[in-house]
Amino acid sequence: MDYAVYVKDLWVSIGGREILKGVNLEVPRNVVFAVMGPSGSGKSTLLRTLNRILDLYEGVSVRGRVVVEGIDVYDSRTDPPAVRRLVGMVFQMPNPIPNLSIYDNVALGPKINKLVRSRKELDELVRWALEKAYLWNEVEDRLDAPASKLSGGQQQRLCIARALAMKPRVLMMDEPTSNLDAVATAEIEKLIIELKRDVTVILVTHNSFQASRVADHVAFMYDGQILEVGPTGRVFTRPAHKLTERYITGKFG
Amino acid sequence: MRLPTSRAVKSTALTAAVALAFALSVAPILHLMATVVYRGATVVVRNFPSILFDIPAAPGDHQVGGIGPHILGTALLTSIAFAIGVPISLLAAVFTAEAIRRWERMVGRWTRLLVHMMLEFPTIVIGLAVYGVMASITPFVRAFVPGFRPFSLLSGVVALVLVAAPYMYLQIEDGLKSVPQHVREAIYSLGASRFVASLVLLRYLKSTVYAALSIALARMVSETAALFFTAFGSNVYPPLDTDSLFRPVGSLTLAVYTFGLSGYENWIELSWAASFMLLLLCLTLFGLTKLLLRGERRGLRGLR
Ligand SMILES: Nc1ncnc2c1ncn2[C@@H]1O[C@H](COP(=O)(O)OP(=O)(O)OP(=O)(O)O)[C@@H](O)[C@H]1O
Ligand SMILES: [Mg+2]
């Protein structure tokens with residue numbers, strides 16, 4: 001059992017409502033793993049469960065087993081911040097920390113986790129992350145401006161850069177290109193494929209073309225369960241489940 | 001020439017009415033401030049600077065003496081109470097606003113309830129309660145600290161903390177609670193511990209925190225009722241020894257009250273002087289906060 005992410009019979013309820021209903025998942029290392037599914041099927045909740053950011057919500061109950069990079073995420077001895085250090089997250093809604101500058105938004109993670117030893121190293125890391133997120137050229141002359149001044153698409157790329165700068169082992173991206181134009185989307189997709197070398201990417205996307213372009217494996221989620229999972233080629237050519245087929249051919253979702 | 005329409009007439013009439021109401025409501029405040037400044041400043045200027053250091057003259061004397069012990073008392077009471085109250089309020093607010101585990105959220109709910117109740121208590125009741133506790137523990141504490149007394153600087157400090165800390169706590173807690181969930185998620189998703197996340201969040205809420213602290217400080221400076229049975233008041237300087245924490249101490253507010261009611265002309269003058277000093281202190285605090293907040297905003301603008 002040597003997976004980047006291993007989920008066994010995961011049940012999650014918020015405020016007494018079951019959101020995830022027995023999710024099973026095995027994500028190998030160094031792949032792009034896409035999660036598709038209609039709105040409200042629980043994709044974002046699943047991601048929030050993997051790095052325990054769901055702890056911040058009230059009335060949450062989690063049952064089942066989640067193992068990320070060998071760490072038993074819901075073990076009582078596990079320190080949630082330690083999990084979040086390993087599992088970077090790009091949220092569905094761009095959420096830069098509005099009062100911090102563009103630079104500080106990216107630098108905060110490395111600072112918190114003591115990834116750098118000098119200001120110079122930090123500068124280099126921030127620049128590297130912003131370049132990877134295809135944002136550097138647009139912000140290099142105003143790194144000290146508050147992040148809230150950026151456009152929606154720029155904020156989205158800033159959040160990608162922020163997650164990259166933490167050097168996570170697993171990177172979860174929740175619709176990272178929803179606000180981007182075609183050129184930026186292509187750049188981010190290129191980045192996702194390139195990232196595979198060093199990290200495992202879990203990508204939530206509504207766009208089946210995007211999934212087919214970048215993912216090695218896809219999972220199809222429906223009403224809190226994973227209905228189907230497999231290699232991208234197989235799922236897209238011979239979907240095992242009727243609903244999967246209807247979803248990828250655009251008949252619903 | 002056009003005749004004014006009925007709408008224009010109505011609008012003018014309303015504007016005039018609002019202006020009048022405004023004038024009527026600020027007039028008493030302005031009058032109050034003018035009186036305090038006029039009567040207080042006269043006394044202070046005439047006796048400057050000895051009034052800031054001397055002890056009061058005997059009642060009925062032709063001299064006024066000074067309010068030195070009261071100024072020192074207010075300075076001691078507020079600075080100690082502030083130094084204790086701020087960290088307590090900050091820690092409590094962070095603990096309950098950033099609660100995660102079920103028992104932590106439960107403690108948070110009870111804390112909020114308790115604090116809301118404390119804010120409704122008349123401060124004189126808080127003072128009385130502190131006196132009651134202090135008096136009842138006195139016999140036991142005296143076994144270890146012979147100089148311990150219920151009327152003391154220490155009791156005054158405890159009372160002031162109980163008066164002002166709930167206020168600071170609620171302001172900061174409300175601020176933390178109002179931070180959008182997606183911002184909080186962003187901070188925690190970077191692997192921040194609760195301590196680090198709180199620092200980032202408090203920085204995000206800097207102006208709320210400044211405002212809460214300065215209003216709390218102003219409340220401490222101007223608190224009277226809670227001090228009657230605790231700090232008690234004193235017209236002499238406390239001797240500078242280890243027991244001074246356990247001796248009664250004066251304050252500007254107590255000076256306003258006791259001298260004002262005394263019926264002796266020279267003490268009534270001292271009362272005005274103390275009022276003036278209080279007003280000066282509160283206005284200075286107000287100005288400093290405004291300045292701090294403006295510097296803050298300008299700092300942000302300068303970055304762009
Ligand atoms: N904080 C919350 N409290 C209560 N219910 C929630 C909460 N967050 C999500 N849900 C519910 O959980 C279900 C799954 O939500 P989730 O956001 O995971 O869906 P999703 O698959 O990401 O959808 P989308 O594609 O629209 O982003 C929804 O029915 C939603 O109403
Ligand atoms: Mg979602």
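Guide: In this predicted model, strand 7 of chain A directs A:Val170, A:Met172 and A:Asp174 one way and A:Leu171 and A:Met173 the other way, and all are buried. The strand covers residues 170-174, and because five of its five residues are buried, strand 7 of chain A is largely enclosed by the rest of the structure. Strand 6 of chain A, residues 87-90, pairs with strand 7 of chain A in the parallel sense through four bridges; within this pairing, A:Val87 has A:Val170 as its bridge partner. Strand 8 of chain A, residues 200-204, also runs parallel to strand 7 of chain A, and five bridges join the two. Here A:Val201 of strand 8 stands opposite A:Leu171.

As for the contact between the chains, 28 residues of chain A and 24 residues of chain B take part. About 2,400 Å² is buried between chain B and chain A, with 64% of that area given by carbon and sulfur atoms. Of the area that chain B buries against chain A, B:Glu185, B:Ser189 and B:Leu190 supply 27%, more than any other three residues. Between the two chains there are three salt bridges and eight residue pairs in polar contact, both residues at pLDDT 80 or more. Helix 6 of chain B gives the largest share of the side of chain B that touches chain A, namely nine residues. By class, that side of chain B has twelve nonpolar, five polar and seven charged residues. One salt bridge joins the side chains of B:Arg105 and A:Glu58, at 4.0 Å from N to O.

Technical notes: Residues numbered from 1 in each chain as written. Chains lettered and ligands numbered in written order. Predicted model: local features only at pLDDT ≥ 70, side-chain atom pairs only at ≥ 80, totals over all residues. Heavy atoms only, no water. Contact = heavy atoms within 4.5 Å. Buried area = accessible area lost by both parts, 1.4 Å probe. Polar contact = N/O pair within 3.5 Å; in protein donor to acceptor, adjacent residues only side chain to side chain. Nonpolar A, V, L, I, M, F, W, Y, C, P; charged D, E, K, R; others polar. Buried < 20%, exposed > 50% of the residue type's maximum accessible area, 1.4 Å probe, protein only. Pairing = 2+ DSSP bridges.
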